[in-house]
Amino acid sequence: MRRALSAAATAAILVGLAAPAFADILYLKDGNIIECKVDRDIIKRATGQGSPIPCYRVKNERGETIYFPVKEVLRVEMGKTSWEMLAENKAWYEKESTKIKDEAKAQREFAKKCAHPDRDGDLDAEAEKHFKRAYELELPTVKDEEKPLEEFGKRVRDEYGLYDESLGVFRRLLQVRRKVSEEKAPINPDTLVNLSQQAVQYELFRDAQVLLEEALKLNDKHSRAKAEMKNLMKMLEVPLNRPIYNVIKGPFGAGINFLKSKQAPDGSFGSDINEAGVHGIRGMSALAVMSLLAEWQFAKYKDLEKAEAIPPVLEKAMLWLLRPREETENASGGRIEGDDMWGAIFCTEALVMCAREKAIMAKYGDVVMKAINVHVARLKELQRKDGGWYYYNFIPDSSSFSTASTIIILESLKNMGVETAACQEMIPNACKMVKSMKIGKGTYSYMKMPGYNSSMSPLGASARSPLCTFALTCADEGDEEDFKQSIENWLNNVHLLKKIKGQSGTHIGKGMTAPYYFLYSHMYMARAVKLLPKRTAQALLFRIAGMMLSYQEPDATWSDWKMTKDYKIAQTGLALVTLWHLATGDRDPAMAPMRSGGVVHPGTATETGGKKPATDPKDGPKDPPADPPKDPPKEPPKDPPKDPPKDPPKDPPKNVPDEPRMKED
């Protein structure tokens, strides 16, 4: 861990006469944390009008030079940068890995060293490799007895982080328990129900279903088996976070009624708007489809059999999305400004949600998959040379937040096992682009910009940064501390973001934030916080739910920028999708295959984020846990979501060196 230096020590290092020293962290007074290499000399430099002022001259990981006025710096911390530590960790691994014996204990202990917190996550992939090898070597040695199997399964799941592999062990455990029961007495419905409950505990949902079906064959009137089967079917089809659902169901119902009242005769919602935000009819209609899918999920939770058929209003909206792109997309560029990027992103996401519904796939499966292919091809067309995406096609660079949104939907497709090759081609460069936007700890810039400005502060970047860190985490490219800091910064600043909600400008306020990405940020926060420990996540889900309900207006809508009535359709759609993410008990599709649904692609990912399927069919899960299946650019480009994390460390020592040497730059 890095050690903070005292102010005196910092000053001594900065102004010492020995070989140049370097600092790797600047803590700014606006709350940002900048990792960099700091020049030992403080430079006098003009930063605008007026006389030159003392500045720190620093270089970031990309070798770019940035200047920070000394008066804006709260603290300097000395140590190695993360990129230096990464190189050291990789070198250590290359040296030490050749010495490890191919034995279970040796592989396990070496994996623990790779996964140690001091490695800062740099060797997580290597740790997984050696944990996997330890599992493979140890598996044949585990006796078919209850205690050894349960201990091994929990170790593989909790210590090794191999979720899929643990399911195979737990399946073996259930087989042993069944055998023990059969040796004591003939199998009966009560025994099978007990085993099914244990299967659910280990997240072997399909195994539980098979056991209950067997119980009902023995006695089709068995009350416990019937009750457990009903609960299991609900769990598989509509996994819900019931405490959150109970809080949001009333406001959601009122909002969805408003949205349904705005459906056009052709099934679409809204219109193309020559403005920023979700400004196209395709994006608005896709948000409406996602909202209607959520309503259908909630209806199935109330009565699974009654809500089996596709609701007509949803079917009509979905069929509009399934029309050829040239019939629905603004190809001319005249009705909306730039490319219809949001249309491609949200249409793809809506169709991913459609693909999890058995009734939809039974009736429209081929058409849905073809439409997904079309939208993915469009995203590929829109990907820029820097690896990212942006809707203003008259600006050459991509934006961090739109690229992050795209990464999330591509990861969802990968986890479905759909368009995998295209996703794997696009994701790496997209992740590089988002990483290049990192300014400070948990803080990401809107796009490539010279110098440092208030939109890069924790306030200015707090809305976009959790989206960026969540996207990188979904792609196994994230940093845990960076992710947590971005969450904290959003929570610290959301009350300030709320102050600009509803205002008519674009980049306004101290953080240069855009009102029309206020609700957008909540939608991704609702997804991101679920990756935190369960107790923390549940508390934050309730907190975000409370915020969302407080924003609902008297007409049951949501809005963060009073532009047009159609824009209110987009914002109400965003809010309803946010409420669904808060209330669903399913996995996030960008992290792992969803439990419910009509498309089943086993082994594509695990709940813990690892992407390796079990290799041995008899030991790995037979189904994944839970399954079911030309104008000049505006100044500034109008629209970063709100803003960066704010978070200087507690009690920072002062850090301006005593009488530093001054030089003219």
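Begin with helices α14 and α16, which run roughly parallel to each other, because their angle lies under the 35 degrees that sets this class. The model on display is a predicted one.

Select residues 341-354 for α14 and residues 400-416 for α16; the two helices pack at an angle of about 30°, and their axes are 10 Å apart. Viewed as a pair, α14 passes α16 in a left-handed crossing.

Next, display the side chains where these helices meet. On the α14 side, select M341, W342, I345, T348, E349 and V352. Their counterparts in α16 are F401, S402, S405, T406, I409, S412, L413 and M416. Taken together, the residues of this contact comprise 8 nonpolar, 5 polar and 1 charged.

The next stop is helix α18; select residues 465-474. Is this helix mostly covered or mostly uncovered? It is mostly covered, with 9 of its 10 residues buried. To see the buried positions, highlight S465, P466, L467, C468, T469, F470, A471, L472 and C474. Then move just past the end of α18 to D476, where the backbone adopts a positive phi of about 60°.

Finally, turn to helix α7, residues 189-201, and select Q201, which lies in this helix. Q201 counts as exposed because its relative accessibility is 52%, and the cut-off for exposed is over 50%.

Notes
Residues are numbered from 1 along each chain as its sequence is written. This is a predicted model: local features need pLDDT of at least 70, side-chain atom pairs count only at pLDDT 80 or more; totals for chains, interfaces and linings use all residues. Side-chain values use heavy atoms; hydrogens and water are left out. Buried means under 20% relative accessible area, exposed over 50%, partly exposed in between (1.4 Å probe, protein chains only). Helices (H or I, at least four residues) and strands (E, at least two) are DSSP runs, numbered from the N terminus. Axes are lines fitted to C-alpha atoms, for helices over the stretch in contact, and angles run from 0 to 180 degrees between N-to-C directions. Angles under 35 degrees count as roughly parallel, over 145 as roughly antiparallel, 65 to 115 as roughly perpendicular and the rest as oblique. A crossing is left-handed if the near helix is turned anticlockwise from the far one by less than a right angle, and right-handed if clockwise. Contact means heavy atoms within 4.5 Å. Ala, Val, Leu, Ile, Met, Phe, Trp, Tyr, Cys and Pro count as nonpolar, Asp, Glu, Lys and Arg as charged, and the others, Gly among them, as polar.
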